[in-house]
Amino acid sequence: MRGLAGKTALVTGASSGIGQAIAIRLAEEGCNVVINYRRKLEEGQHTEEIALQKAQDSGHNVRSLLVQGDVSKEEDVLRIVNSAIAEFGTLDILVNNAGIQFEAPSHEVPIDRFDQVMMVNLRGAFLCAREVIKHFLSQQRPGVIINVSSVHEIIPRPMYVSYALSKGGMGSLTKTLALEYADRGIRVNSIAPGATVTPINQDWVNDPEKKAVVKSHIPMARPGTSEEMAAAVAFLASGEAAYMTGQTLFIDGGLTLYADFREAWSA
Ligand code: NAD
């Protein structure tokens, strides 16, 4: 896609699922990739291996950097961003992908579990955005931030109150930062995946009965793939989206179209 080759992108939580697919796709488009992983080096290395191979296959000579770090910790975020800049001289794209969820009836949610979800999904995204915006401004160069939100940015999610709050907040984070920095060439957008086949959903991904229930709620009758999410991120990061900021792109097979209205039931 136009304008991606030669750029440097940091992807948080890039060792699995959607984040892994994003790092791979951006490398395939010619970006150097900074692969943040939370725990296991081998998982980050797996992403790196595929990303470099795909880049080579598509004729791009890209470099990569693996950086361990917990995005909910300020010192880790500073280290991640500073290592990226030290290695590549600059950063052009941030993808705030790292995310967790916690399931429990809202009246039984332990406050430390509530805080943990908010710390990773929202505070972590803000911290990373704050640090890369500082860098973009200091270099007086344009930059792109893409937040991986969710359809639960707008759809309520019983039993997952902290997750729903964090993604609702992410919508506001996207719009606020987009407005604040639009005149300095910094674009901030989100993608909002619907049900996607990744490890976060292993509960239904590997259970045919549960998977059938998931499919029955999706107008396009199938879950999405990480690669479909990564394609939207590549678009938003590219020059093709040069005039877009403050938007959330819903990539959800129609999940946000009120599937209950597929057939007339109110007449
Ligand atoms: P996943 O569990 O495979 O990926 C989450 C990643 O975040 C993992 O690599 C994990 O190591 C990383 N992570 C968790 N805590 C972290 C921390 N403190 N610091 C750094 N990294 C951390 O699941 P996924 O589905 O690929 O999720 C990626 C993003 O997509 C999340 O933000 C999630 O909310 C969002 N999303 C997923 C779906 C879906 O159906 N899979 C739908 C909507 C939104």
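Reader: Let's start with histidine 135: where does it lie?

Author: Histidine 135 lies in helix H4, where a helix is a DSSP run of H or I with at least four residues and a strand a run of E with at least two, both numbered from the N terminus. Please bear in mind that this is a predicted model, in which local features need pLDDT of at least 70 and side-chain atom pairs count only at pLDDT 80 or more, while totals for chains, interfaces and linings use all residues. Residues are numbered from 1 along each chain as its sequence is written, and side-chain values use heavy atoms, with hydrogens and water left out.

Reader: Is histidine 135 buried or exposed?

Author: Histidine 135 is buried, because its relative accessible area is 6%, and buried means under 20% (exposed is over 50%, partly exposed in between, with a 1.4 Å probe and protein chains only).

Reader: And what does the side chain of histidine 135 reach?

Author: The side chain of histidine 135 comes to 3.0 Å from the backbone nitrogen of leucine 91. That is a polar contact, meaning a pair of N or O atoms within 3.5 Å; within protein one must be able to donate a hydrogen and the other to accept it, and residues adjacent in sequence count only if both atoms are side-chain atoms.

Reader: Switching to serine 190, which element is that in, and is it buried or exposed?

Author: Serine 190 is placed in strand E6, and serine 190 counts as buried because its relative accessible area is 0%.

Reader: Which side chain does serine 190 join in a polar contact?

Author: The side chain of threonine 174 is the partner of the serine 190 side chain, in a polar contact of 2.6 Å.

Reader: What about asparagine 61, where is that, and buried or exposed?

Author: Asparagine 61 sits in the loop that runs between helix H2 (41-57) and strand E3 (64-68), and asparagine 61 counts as exposed because its relative accessibility is 79%.

Reader: How many residues apart in sequence are asparagine 61 and glycine 6?

Author: Asparagine 61 and glycine 6 are separated by 55 residues in sequence, yet in space their C-alpha atoms are 8.8 Å apart.

Reader: On to the ligand: which residues come nearest?

Author: There are 28 residues around the ligand, and the ones that come nearest are Ser16, Asp70, Tyr163, Thr198 and Asn201; a residue belongs here if one of its heavy atoms lies within 4 Å.

Reader: Which helices supply at least two residues of that shell?

Author: Helix H1 (17-28) and helix H5 (161-181) each supply at least two residues of the shell around the ligand.

Reader: How do the shell residues divide by type?

Author: The shell around the ligand holds 11 nonpolar, 14 polar and three charged residues, with Gly counted as polar.

Reader: What does tyrosine 163 do there, at the level of atoms?

Author: An N or O atom in the side chain of tyrosine 163 is 2.6 Å from an oxygen atom of the ligand. From the backbone, a polar atom of valine 71 is 3.0 Å from a nitrogen atom of the ligand, and an N or O atom of glycine 13 lies 3.3 Å from an oxygen atom of the ligand.

Reader: How much of the ligand's accessible area does the protein cover?

Author: On its own the ligand has 810 Å² of accessible area, and the protein covers 91% of that, by the Shrake-Rupley method with a 1.4 Å probe.
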